[in-house]
Amino acid sequence: MSNLKPDELSKINYMPPEEDWMSVSVQMRKGMYCHGASENSLKTVGFPNPRKWSSAEADWKLPDNWQEIVLKGMAERLEKYRSFHIFMDICVRCGACADKCHFFLGTGDPKNMPVLRAELLRSVYRREFTTAGKILGKIAGARELTEDVLKEWWYYFFQCTECRRCSVFCPYGIDTAEITMIARELLNLLGLNIEWIAGPVANCYMKGNHLGLEPHTITSSVEFLLDEIEEITGIKIEPTFNRKGAEILFVTPSGDLFADPGTYTCMGYLMLFHELGLDYTWSTYASEGGNFGSFTSNEMGKRLNSKIYAEAKRLGVKWILGGECGHMWRVLNQYMDTWNGPADFLQVPVSPITGTVFENAASTKMVHISEFTADLLKHNKLEIDPSRNDHYKVTFHDSCNPSRGMGLLEEPRYIINKVCNNFFEMPENTIREKTFCCGSGSGLNASENMELRLRGGFPRANAVKHVKNKYDVNMLACICAIDRAALTTLMDYWVPGVKVIGVTELLANALKMKGENDRDTDLRGEPLSGAEDGDAKEDSEDV
Amino acid sequence: MKILLPFLGVMGIVIVAFVGVEMLNLQYLFGVMIPYTAFIIFVVGVVLRILKWGRSAVPFCIPTTSGQQKSFSWIKRNRFDNPSNNLEVIVRMALEVLLFRSLFSNTSTALKEDEGRLIHQSSKWLWLGGLAFHWSFLIVLVRHLRLFLDPIPSALSLVEGMDGLMQLGVPVLYWTGLILLISATYLFFRRVVIPQVSYFSLPNDHFPLLLILFIATTGMIMRYILKVDIISVKAFTVGLFSLKPTITHDLGLIFYIHLFLVSVLLAYFPFSKLMHAAGVFLSPTRNMPNNSRRIRHINPWNYPVKVHTYEEYEDDFRDKMKTVGLPLEKE
Ligand code: SF4
Ligand code: SF4
């Protein structure tokens, strides 16, 4: 990647090749795929076929009966998921989804058109599970499951971020993300995962979070952030961990504890909760809201997710508050209650500050931080000075999962509009349910696949660039931990000068806390514009 | 190859009908037995397929949310793109099935190479073509009912009356027939001309389109050029419909070809992508309300899984937890 300049990488050829797609074998290009899952990671959680292998070598060390395993797995899933069964049968190949995928737009590779990505699997389905395919073979679009086909699956189903953009445009709602999830489950049956997913899964299973932070490391990470907060605001905050009897359990992705700019968002949570005097606790056991398990199999997703309710029960809290994370919220919205509910030991969430009953979370008992915060602002429960964000010209990136898997569109916008004075939307076709993926979701934010990530992020970056040119935007807000990490890389490459920020960080900048110092810097230690007459803006543009 | 094969296939169907009727005099086979068989295959096939889909579970609530969720009263939600109850789902589905709403919001993306800029623009051609195709097809189908029904219901005459509103010569020109022909042609050429679409199209995408094009064409020829004797046709179809099939009249070769093409389409239907007509109603991303946080969705095959419990976790990290003063269950 690094040797290709942005203006070279953005030259994309959308013309498909001459040959028929079924008859060419997969060309795995370096930079476009991730390392295979390590033996240890697979073993830790008891995944099939743990072994030493490399996706770059020809021999993937498959079990002898691998075809049988895959086909059996497919048959099983056709019965377990109507979505899968229907989506295998009813695609008319109209192509409405074709140019909706950021990976197609960024690579020009026709197998990244959602329709064709699904056909990779569908062709085998036809051959094995439909009469026409059995009899007519290739004429009916059917092909045999060979090792080449399997490798092609691996390559392309790990070039899909399960972002669901294709699904919005499909007249039947065919969700290629759903197909990708099944395909990855099938691959997983043969131990064909990627390490960037399998590693965090193993970590999360044993230690409670993807990063593998042990309990004492979590508390010390938070302590470090507390020191920073004290330095900026003069306020000493003392959160609690694993405290029984707290009213609220707070769960956020562990990424928030770890690296900039996620840590600033985390400081934001700490400041907000302190200011409210919230009776809440963190858990070191349920120290992950994200769920890389859901990128391997439904079952693993459930195994990792189980900690949240289990811990809420053990600690005896009333309800759960969830931080800013993309896929965490898709999992919470669509799966958690089904997997690990009913959460009847909890109560329907009520904001202790405003008294608002969160009816829309009556069953999961879990509230999104943006819902919680928007409600506070609506009721004027926070003192806000939006001018403290005047050195930022902000645009907002809808993360794929909260937008297309949940419909959380207005709450973060409401917050942003309250806490900063300069907010600019990106073009209409690139936001809300039509938002473009960061290109690194669903466990693809490794470094060895950087070219793929940069290409996949191209459509998103392109829209940011548009508002940067037009309105001088220098800050990209989001509500997702993977976004915060991935978009930072993406912006540095495609739109230098634009930084990435969590919505709660923006809020915390503007939040006037009781007893705080005269703040002269934001959470990043950069001077507020009032303090230095607009120099801050220039500063941030040079970076 | 991808186009030639289906084309030859459709031509083959025409030739079979020609040979069968014109040379072998198998009027009864082509006029009665094959249509009946095709119809039975159609009905049984469609029902079986739907039952088969229905047997697959819907383990999770996975609607694609294309609009604001229902949260606070003061946030304007999008009822029909992000439905929160069954009524809203029905509206969403109706808009989808009747107006192709998802396709309406279709965009096309182009890269301005010199500026390195992606441009996303609204693109309604596929929506328009698809909608014209399906609606005209439906109306043509409904119009055909007059051939089967005696007396003709007044509602049907109304449809016909409207369809033939612009009197152009005799017999009355039905707009829908023409629109069907044009839109099917558009959809076919779209598949051939747009490089990406042609790349992922399969023979079984071209086949039904060609089949329908041929059906429409033979229908038009019958009506406007060869002028098949409509009275005999009606006598015949009413016979078919009332299960008293007789072939007493000379119905004309073109009629048999038309009927055979239709029979093939019917029999092909349940085994093909044409099942999207039924499948769209069962699509979980569209036919479920987004209320899974409010009302628990049940997975029929949910099963217990192995987890790493808090107790095990504490056992693993007790000493470390102790050093930083974290509360413990067991000291
Ligand atoms: S939009 Fe839907 S039906 Fe059309 S090609 Fe894509 S998945 Fe198939
Ligand atoms: S889910 Fe997203 S990444 Fe996957 S095919 Fe669809 S648009 Fe592309």
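I started with the lining of the second largest cavity, which divides into 6 nonpolar, 3 polar and 2 charged residues. I counted Ala, Val, Leu, Ile, Met, Phe, Trp, Tyr, Cys and Pro as nonpolar, Asp, Glu, Lys and Arg as charged, and the others, Gly among them, as polar. This is a predicted model, where local features need pLDDT of at least 70 and side-chain atom pairs pLDDT 80 or more, while totals for chains, interfaces and linings use all residues. Residues are numbered from 1 along each chain as its sequence is written, chains are lettered from A and ligands numbered from 1 in the order written, and side-chain values use heavy atoms, without hydrogens and water.

For a cavity I took a set of points on a 1 Å grid over the protein atoms alone where a 1.4 Å probe fits but cannot get out; lining residues have an atom within 4 Å of a point.

**The largest cavity**

I found about 220 Å³ of space here. Of its 21 lining residues, those closest to the centre include His327(A) and Asn401(A). By class, I noted 10 nonpolar, 8 polar and 3 charged residues.

**Ligand 1**

I looked up its shell (a heavy atom within 4 Å). Cys91(A), Cys94(A), Cys97(A) and Cys170(A) are among the residues around ligand 1. The shell has 10 nonpolar, 1 polar and 1 charged residue.

Notes:
On a 1 Å grid over the protein atoms alone, a cavity is a set of points where a 1.4 Å probe fits but cannot get out, and a pocket is an open set with protein on both sides within 12 Å along at least five of seven lines; lining residues have an atom within 4 Å of a point. Grid points are joined across faces, edges and corners, and a volume is the space filled by probe spheres set on the points.
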